[in-house]
Amino acid sequence: MKMRPHVGIIGAGPAGLLLSHLLASEGIDSVVLESRSRAEVEATIRAGVLEHGTVDLLRDMGLGERMQREGAVHHGIELRFDGEGHRIPLTELTNGRSIMIYPQHEVLKDLIAARLEQGGRILFNASDVRLADVASSQPGIHFVHEEQQVELQCDFIAGCDGFHGVSRAAIPAAVQTVSSRTYPFGWLGILMQAPPSAEELIYAYSERGFALVSTRSPELQRMYLQCDPQDEIANWSDEMILEELQARLATTDHWQLRVGPIIQKSILAMRSFVIEPMQYGRLFLAGDAAHIVPPTGAKGLNLAVADVRHLARALALFYSNQQTELLEVYTQTCLRRVWRAEHFSWWMTSMLHRFPDDDAFGQRMQRSQLDYTVRSPVAAASLAENYVGLPFDW
Ligand code: FAD
Ligand code: DHB
């Protein structure tokens, strides 16, 4: 079987799905290939924080109706250390900007439903996906779908297949530069059936390690604990998780964590990673396929959105005027934001986690940075500006 869309998109995560919508709004035809089933994609628990610009884009595209009904707008976050909470008033410090708590898999459900309703093509359960001739003007993607061998010929390939995808390897090693860092800790993430313990997210630094209190709905809460990245989730009983959360979040005024049954738990490793360039010939990488940030700054999903917004604009200019100038500078355009997010995520991570081999000096540096961030309006404003997200064309 043969298919011939303008753009072949590999991966139905936030990057691939939003790109297919942005292209459709410019009259550009695409096909999305996804190796997992629709049910698996819609059930994978990941990020929860949407930047101001991400929210505006989804709303402007007509994709934000459920998000605006069910999501929660937050105007601040809390930094907690030495048993005390300190509010960072995001909205006050950023000229009225805010963030939205709306889970990534709910965004994906909305994007998939809207795309299929509009007649868009998303092929789930695609296997053996291979890229061909990416340096030519007629690149191709070969894959198996419903037991048929399919050959997709297109003008451009968007590699939106995440960190473990196949697209990145199509950029020859000789032209790649990879910058990366692994961290000596991971996050244990849980979903708990309980009412919210606080109105805003809590990022807590403690002697015992980092803890984060986030939310999903009035009945369901999301929390994270710094842990050994090699640890097995089976080593953590629900009682241990609750005890550790309570110990790391304890305050001098006896704040109480509201608890309930833990319905999901897993451990994720943390890394920073960037590949340059993000393009080669007619292949353009977007999202986690090109870069990874540790989750502390809540930037991963939002960076994927910014990449595909640039890519869609560049492709729109190509199809309307045959101009390649935005395509040529795609990597350069994306990397300014990518490296800003890399720095912010590394900075938040370094300030808030306990490093296993850290000495007294390192810990005093962290305390001083936390103290400065909550006491100086200028330092707090810098955190807030990065957290709510810089403008797309920054
Ligand atoms: P992905 O969401 O990874 O989507 C890629 C898609 O491509 C997947 O559906 C995958 O199945 C598909 N695919 C892979 N290989 C192939 C192939 N060969 N052929 C076809 N399809 C393929 N960010 C935050 O901001 N906060 C968080 O709390 C947070 N938690 C995370 C937890 C985990 C376990 C992970 C992995 C990431 C987390 N992130 C978090 C990061 C955030 O979820 C990602 O940055 C975001 O999903 C990136 O979107 P993407 O579309 O680029 O990639
Ligand atoms: C969530 C995840 C993050 O990485 C973060 O910094 C804040 C919130 C969440 O899953 O809700």
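Start by selecting helix 8, which gives the most to the shell around ligand 1, with three residues. Helices (H or I, at least four residues) and strands (E, at least two) are DSSP runs, numbered from the N terminus. This is a predicted model, in which local features need pLDDT of at least 70 and side-chain atom pairs count only at pLDDT 80 or more, while totals for chains, interfaces and linings use all residues. Residues are numbered from 1 along each chain as its sequence is written, chains are lettered from A and ligands numbered from 1 in the order in which they are written, and side-chain values use heavy atoms, with hydrogens and water left out.

**Ligand 1**

Next, show the residues around ligand 1. There are 28 of them, and the closest are Ala-15, Glu-34, Arg-36, Gln-104 and Asp-288. A residue counts here if one of its heavy atoms lies within 4 Å of the ligand. Helix 1 (14–25) and helix 8 (300–321) each supply at least two residues of this shell. By class, the shell holds 14 nonpolar, eight polar and six charged residues; Ala, Val, Leu, Ile, Met, Phe, Trp, Tyr, Cys and Pro count as nonpolar, Asp, Glu, Lys and Arg as charged, and the others, Gly among them, as polar.

An N or O atom in the side chain of Arg-36 is 2.9 Å from a ligand oxygen. For Tyr-224, a polar side-chain atom lies 3.3 Å from an oxygen of ligand 1. Taken alone, ligand 1 exposes 1,000 Å², of which the protein buries 84% (Shrake-Rupley method, 1.4 Å probe).

**Ligand 2**

Move to ligand 2 and select its 14 surrounding residues, the closest being Tyr-203, Ser-214, Arg-216, Tyr-224 and Pro-295. Strand 15 (201–204), strand 16 (211–215) and strand 17 (220–227) each supply at least two residues of the shell. Its residues divide into eight nonpolar, three polar and three charged.

An N or O atom in the side chain of Tyr-203 is 2.7 Å from an oxygen of ligand 2, and one in the side chain of Ser-214 is 2.6 Å from a ligand oxygen. A polar side-chain atom of Arg-216 lies 2.7 Å from an oxygen of ligand 2. Alone, ligand 2 exposes 290 Å², and the protein buries 97% of that.

Methods
A polar contact is a pair of N or O atoms within 3.5 Å; within protein, one must be able to donate a hydrogen and the other to accept it, and residues adjacent in sequence count only if both atoms are side-chain atoms.
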